[in-house]
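Please look over the protein chain shown below, and then read the notes that follow with the structure beside you. They take up single residues and the parts of the fold around them, topic by topic.

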Amino acid sequence: MKKILVTDDLTVINMGIDIRSKTRLIKEVVSRLEECFKPVCKLHGMNNRDQINITTCVKEALYNAITHGNLEVDSELKKESLELFDKKVKEKEMIEKFSQKKVIVRYHAFSNKIDIQVEDQGKGFDPAKVDFDILEPYGRGIKLIESFMDKVVWNEVGNCIYMTKYLKK
């Protein structure tokens, strides 16, 4: 689904992407979303830093949805070893029970904002309970998203993130 409407006073772009739980697909999804939001950002006078920040948030949300949500790889494993964590992700991507779960991405651009929703089919979590330590290899993605986006909301289950970036006038 991709709908585009642009006039002098109104910009509306909608896109939906559903993917299976494979980390190798993140790059393609991000590329397709960038095709939509970069022109909108330029139209509204946003700089490259803003665009890079949005890209970073999308990558983080997708990675978390796939690895922690659908593949159910616990971030605590990163404390032991990043290599062990990556190995576990690759193992679970080969198990159909996990890899067939979908991540649903919805993108909406309006005249005043960009909304991006990333939802997985996992059990969810409580984002308020995520520990953040800049020196640790976990929890930083959520903090980046919260600092780069203007509004971040999770659904009650904790398996869907809604991110909003307000456009400059």
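In this predicted model, the backbone nitrogen of Gly-122 lies 3.2 Å from a polar atom of the side chain of Asn-70, and that side chain also reaches the backbone oxygen of Lys-102 at 3.0 Å. A polar contact here is a pair of N or O atoms within 3.5 Å, where, within protein, one atom must be able to donate a hydrogen and the other to accept it, and where residues adjacent in sequence count only if both atoms are side-chain atoms. Because the model is predicted, local features need pLDDT of at least 70 and side-chain atom pairs count only at pLDDT 80 or more, whereas totals for chains, interfaces and linings use all residues. Residues are numbered from 1 along each chain as its sequence is written, and side-chain values use heavy atoms, with hydrogens and water left out.

- Asn-70 lies in helix 2, where helices (H or I, at least four residues) and strands (E, at least two) are DSSP runs numbered from the N terminus.
- Asn-70 is buried, with a relative accessible area of 0%; buried means under 20% relative accessible area, exposed means over 50%, and partly exposed is in between, using a 1.4 Å probe and protein chains only.
- With residues up to four places away in sequence not counted, Gly-122 touches Gly-69, Asn-70 and Asn-159.

**The largest nonpolar core**

- A nonpolar core is a set of buried Ala, Val, Leu, Ile, Met, Phe, Trp, Tyr and Cys residues joined through side-chain atoms within 4.5 Å.
- The largest such core has 39 residues, and those touching the most other members are Leu-33, Leu-62, Tyr-107, Ile-114, Val-118 and Met-163.
- Two or more residues of this core come from each of strand 2 (11-20), helix 1 (26-43), helix 2, helix 4 (82-93), strand 3 (102-109), strand 4 (113-119) and strand 6, and helix 1 gives the largest share, eight residues.
- Apart from its neighbours within four places in sequence, Leu-33 is in contact with Met-15, Ile-17, Val-58, Val-105 and Tyr-107.

**Helix 6**

- In helix 6 (residues 140-148), the buried residues are Gly-141, Ile-142 and Ile-145.
- Seen down the axis of helix 6, these buried residues fall within an arc of 100°, so they line one face of the helix; the arc is that of the directions from the helix axis to the C-beta atoms.
- An α-helix has 3.6 residues a turn, so residues three or four places apart point the same way.
- The cover over the buried residues of helix 6 includes helix 2 (48-70), strand 5 (151-154) and strand 6 (160-166).

**The largest pocket**

- On a 1 Å grid over the protein atoms alone, a pocket is an open set of points where a 1.4 Å probe fits, with protein on both sides within 12 Å along at least five of seven lines, and lining residues have an atom within 4 Å of a point.
- About 720 Å³ of space lies in the largest pocket, a volume being the space filled by probe spheres set on the points, which are joined across faces, edges and corners.
- The largest pocket is lined by 31 residues, and those nearest its centre are His-68, Ser-75, Phe-125, Val-130 and Ile-142.
- The elements that give two or more residues to this lining are helix 2 and helix 6, and the largest share, seven residues, comes from helix 2.

- Lys-79 lies in helix 3 (residues 77-80) and is partly exposed, with a relative accessible area of 45%.
- The side chain of Lys-79 makes a polar contact of 2.9 Å with the side chain of Glu-76.
- Although Lys-79 and Tyr-138 are 59 residues apart along the chain, their C-alpha atoms are separated by 8.1 Å.
- Tyr-138 is found in the loop between strand 4 and helix 6, and at 12% relative accessibility Tyr-138 counts as buried.
- With its neighbours within four places in sequence left aside, Tyr-138 is in contact with Ser-75, Lys-78, Lys-79, Asp-131 and Asp-133.

**Two loop residues**

- Glu-72, in the loop between helix 2 and helix 3, has a positive phi of about 60° although it is not a glycine.
- Most residues other than glycine have a negative phi.
- Glu-72 is partly exposed, with a relative accessible area of 30%, whereas Arg-24 is exposed at 64%.
- Arg-24 is found in the loop between strand 2 and helix 1, and its C-alpha atom is separated by 9.8 Å from that of Tyr-63, 39 residues apart along the chain.

Key: Contact means heavy atoms within 4.5 Å.
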